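This report describes selected features of a protein model. The sequence and structure come first, followed by the notes.

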Amino acid sequence: MHCRIVSLLVCMSKLLLAYPQTELLVTSLPPRTPPDAVLYAAGTFNGWQPGDSAFRMQRQPDGTWSLRLPAGLKGTAEFKITRGSWASAECRPDGSPRPNRVLAFRQDRRVELEIEAWADLAAQHSTALPQVQVLDSAFAMPQLGRSRRIWMYLPASYAHSGRSYPVLYMHDGQNLFDALTAYAGEWQVDETLARLEAHSRLELIVVGIDNGGAHRMNEYAPWVHKRYGGGEGEEYGAFLVESLKPYIDEHFRTLPDSAHTAVMGSSMGGLISFYLALRYPETFGKAGIFSPSFWFSREAFRFASQYYRGNRLYFLAGGAEHAMMERGARRMYELLVRHAQDPAQIRLKVVPDGTHSEAFWAAELEESLLWLFGR
């Protein structure tokens, strides 16, 4: 027994030597950093949790901040530095988002970082077009006992046409229309739709629902992850179907049937969009599922095999994201195609240089909308 234990310890030591810990070291902070700031690393190695206590950086006597990532991590990772939330994540000096940082665990033993600016402290201006309005800064969510800011985009023709329009419901509303509120860059939804309208290609109402900050992971996950939480996706979906959509249909000229109603999001927002389309096919006949976090729960695949009823689904993944994003999207696409009566209703697009970022999703938005809502 003693020999086996010694042998096991030797093997574990060899493994740790083969995959040594990577140290992140922040050597420079912007002048406006609050003196009581606490820094965190958030990335593919912790489910992009911006305030994960296990990835809190330690301030050193020389003023730098350091963090040793867990031993045994392999491959590459994308990440950013935050002050505990995505609203206070690092960005460019002008307030625009910076690309995700990338490291290779076996090559990068020590990664030195300079933070240029923080998203909540950088100088910014509103980029939203006049067609964008805040419907309510505190719309009630009775299913969750919370409230949330709701955004609206109305086509330029809405005021004088008298027509009714299809509707797209989108998550992470902070990032959809306005660089002033975006914490990781904006999708430029309003600019994209204005361009499509100008060329008579598509007119669409968009309803954006802000994420709940610390509640985001829970609300966007219908299943529970033992480390990252989740489990409020059903209540969040009920809010959309029972509270928000009836209000929108009552107060705006919409085409309320499922054939003209879609849901869209990215990452965890992609996961909940997928879930809502399959859980409520009579409400959401279409879904844009960008960089979906199917890694969160294997239940997603069991759920898909039981509940897919022919919705029109657009999957997007980037080849430069963490490999689990593309793998999950491909696996789900292949599973659904096997169950589909009409495989042409499902599309998967993989962009080789696509990254896990709003810039990538914004660049792919027009094509996805035309495919989802095309005749």
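## Basis of the model

This is a predicted model, in which local features need pLDDT of at least 70 and side-chain atom pairs count only at pLDDT 80 or more, while totals for chains, interfaces and linings use all residues. Residues are numbered from 1 along each chain as its sequence is written, and side-chain values use heavy atoms, with hydrogens and water left out.

Helices (H or I, at least four residues) and strands (E, at least two) are DSSP runs, numbered from the N terminus. Helix α3 spans residues 189-198, and its buried residues are Val189, Asp190, Thr192, Leu193, Leu196 and Glu197. These residues lie on the same side of α3, because they cover an arc of only 160 degrees around the axis (the arc is that of the directions from the helix axis to the C-beta atoms). Buried means under 20% relative accessible area, exposed over 50%, and partly exposed in between, with a 1.4 Å probe and protein chains only.

The buried residues of α3 pack against β10 (132-141), β11 (146-153), β12 (167-170), β13 (205-209) and α9 (358-373). Contact here means heavy atoms within 4.5 Å. Just after α3, Ser200 has a positive phi of about 55 degrees.

Two strands pair if DSSP finds at least two bridges between them. Seven bridges connect β10 and β11 in the antiparallel sense, and Phe139 is opposite Arg148 in β11. The hairpin of these two strands has four residues between them, and Gly145 in this hairpin takes a positive phi near 70 degrees.

β11 also runs antiparallel to β13, joined by four bridges. Tyr153 has Val206 in β13 as its bridge partner.

## Nonpolar cores

A nonpolar core is a set of buried Ala, Val, Leu, Ile, Met, Phe, Trp, Tyr and Cys residues joined through side-chain atoms within 4.5 Å. The largest one has 56 residues, of which Phe274 and Leu313 touch the most other members. Helix α6 (residues 268-279) supplies the largest share of this core, eight residues. A second, separate core of 27 residues includes Val189, Val206, Leu316 and Val351.

Leaving aside neighbours within four places in sequence, Leu313 is in contact with residues including Ala277, Leu278, Tyr308, Leu336 and Trp371.

## Salt bridges

The structure holds 22 salt bridges, each defined as a side-chain nitrogen of Lys or Arg within 4 Å of a carboxyl oxygen of Asp or Glu. One of them joins Glu90 and Arg101, with the closest N and O atoms 2.8 Å apart. Glu90 is in strand β6 (residues 90-91) and Arg101 in strand β7 (residues 101-104), eleven residues apart. Glu90 is buried at 2% relative accessibility, and Arg101 is buried at 13%.

Asp210 and Arg149 meet in a salt bridge at 2.7 Å, N to O. Asp210 lies in the loop between β13 and α4 (216-219) and Arg149 in strand β11, so this pair ties together parts 61 residues apart in sequence. Asp210 is buried at 6% relative accessibility, whereas Arg149 is partly exposed at 24%. A further salt bridge, also 2.7 Å from N to O, links Glu299 and Arg302. Glu299 and Arg302 are separated by about one helical turn, because they are three residues apart in helix α7 (residues 299-307). Glu299 is partly exposed at 32% relative accessibility, and Arg302 is partly exposed at 39%. Elsewhere, salt bridges with shared partners join Arg146, Arg148, Glu219 and Glu232 into one network.
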